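I opened my notebook to record what I looked up in this structure, entry by entry.

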Amino acid sequence: MIVILSLILLVLLFRVTLGFLRCSESVKYKVESLFCFISYFIMVLLAMFRSSDVGADTLSYIRDYQDMSLMSYSDIINEYTGYEGYYLLSKLFSMVGLPCYIWFGFVEFILVLAIARFINKFSRDRLYSIILFLATGLFMFSLAGLKQTLAMSLILHAYVYFVDKKFARSALLIVYAYFVHPASLIGFFAFVIYLLRRTKFVIPVLLLIVLLVCVGGLSTASWFVTIIGNDHFEMYLEADSSYTMSTLFLYCLIFLCTLPYFVKYYRSDFNSRVEISCVILTCAFQYLASLSPSLFRLSFPLLPFLFVYVPNSFDLIDHKAPERLILKFCALVGPIIFFVYSNSSLVFSFISL
């Protein structure tokens, strides 16, 4: 935990340093870009050289990678139905003779690159967004759930391409992401909201989805499993209330910090509607985890929108307003405290080369 917390505090130091800089906006942007690059580079290194004890499934992923050289392509397709995209790609790395830590680094690099592209395009406070990425759980999950991490990364890349009107690339990445991990298709809701952002239908569609998720509960999740056609996900549908709602409370508290500026930001431009809608959907899908613990995964594909929504919502207000500074501080420190609390037992260790 100390290693990741040190990284969070380093990025926080970068952000404070940037705030005290007295220079032109172009110079400040270049300094911010350098700080972002250093932060992303450290993330990839940490994921790359973590030991098998870091991440609940890391050891099984190491064994899977070692098995790839012994399996044919047809064996992989038959053995890992629904996840062919992940294992076929990992086999290519294995065939070249690359060690497992290179593969881990590659998967994290794809995620970090997606997060960087997304934050660079939509966030008005990039270092603030990076801290939220580290503290709210998505980075920690990337050290454990490699298949979904890779799939979510591809969906996020696809979304940026979609916004840039590069539809062919976007479509190809969506299709490939489905064969890496079907749960990543939750991120497709962002595409729907984006298409509706200029219409009067965006709020009714959002409310309908939230209603189906929160009221339908496991029935809606079961319907989703039927659509993606992967029987493996039926194990996620077992009712179990052992999972605490602390993460949902965290998301809601972060959202509450931005509530005084909600209406103004919603009306500021059409893209703000997408961010707000996806944050609400993130909370709705996180609610499903209170019904079955494994369903916490469904909130992650849309979670990056929280990283950009929070700093953006504060950006429209007078930067010297005391209430803005307090709320922006709380929206950042709260997740850091939550990170310390929820990962207090984590011991981050490195592999021996």
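**Entry 1: ground rules**

I noted that this is a predicted model, in which local features need pLDDT of at least 70 and side-chain atom pairs count only at pLDDT 80 or more, while totals for chains, interfaces and linings use all residues. Residues are numbered from 1 along each chain as its sequence is written, and side-chain values use heavy atoms, with hydrogens and water left out.

**Entry 2: α2 and α7**

I looked up how helix α2 (residues 25-48) lies against helix α7 (residues 126-135), and found an angle of about 15° with the axes 10 Å apart. Helices here are DSSP runs of H or I with at least four residues, numbered from the N terminus; axes are lines fitted to C-alpha atoms over the stretch in contact, and angles run from 0 to 180 degrees between N-to-C directions. That angle makes α2 roughly parallel to α7, since angles under 35 degrees count as roughly parallel, over 145 as roughly antiparallel, 65 to 115 as roughly perpendicular and the rest as oblique. The crossing of α2 and α7 is left-handed, a word used if the near helix is turned anticlockwise from the far one by less than a right angle, with right-handed used if clockwise.

I then listed the contact (heavy atoms within 4.5 Å): α2 brings Y29, E32, S33, F35, C36, S39, Y40 and M43, and α7 brings R126, L127, I130, F133 and L134. By class, the residues of this contact of α2 with α7 are nine nonpolar, two polar and two charged. In this scheme Ala, Val, Leu, Ile, Met, Phe, Trp, Tyr, Cys and Pro are nonpolar, Asp, Glu, Lys and Arg are charged, and the others, Gly among them, are polar.

**Entry 3: α6 and α7**

I followed α7 to another partner, helix α6 (residues 100-122), where the axes come within 10 Å and cross at roughly 140°. The two helices α6 and α7 are therefore oblique to each other, and α6 passes α7 in a right-handed crossing. On the α6 side I wrote down L111, I115, I119 and N120, which meet R126, S129, I130 and F133 in α7; the contact of α6 with α7 divides into five nonpolar, two polar and one charged.

**Entry 4: α1 and α18**

Which way does α1 run against α18, roughly parallel or roughly antiparallel? Helix α1 (residues 2-20) and helix α18 (residues 322-342) pack at about 165°, their axes 10 Å apart, and that makes α1 roughly antiparallel to α18. Their crossing is left-handed. From α1, the residues I4, L5, I8, L12 and R15 meet K328, L332, I336, F339 and V340 of α18, and I sorted this contact into eight nonpolar, no polar and two charged residues.

**Entry 5: the pockets**

I looked next for open space: on a 1 Å grid over the protein atoms alone, a pocket is an open set of points with protein on both sides within 12 Å along at least five of seven lines, a cavity is a set where a 1.4 Å probe fits but cannot get out, and lining residues have an atom within 4 Å of a point. The largest pocket holds about 850 Å³, and among its 24 lining residues R15, G19, D125, R324 and K328 lie nearest its centre. Helix α18 gives the largest share of this lining, six residues, and by class the lining has 10 nonpolar, four polar and 10 charged residues.

The second largest pocket holds about 640 Å³; of its 27 lining residues, G137, M140, F141, F296 and N343 lie nearest its centre. Its lining comprises 15 nonpolar, nine polar and three charged residues.

Technical notes:
Grid points are joined across faces, edges and corners, and a volume is the space filled by probe spheres set on the points.
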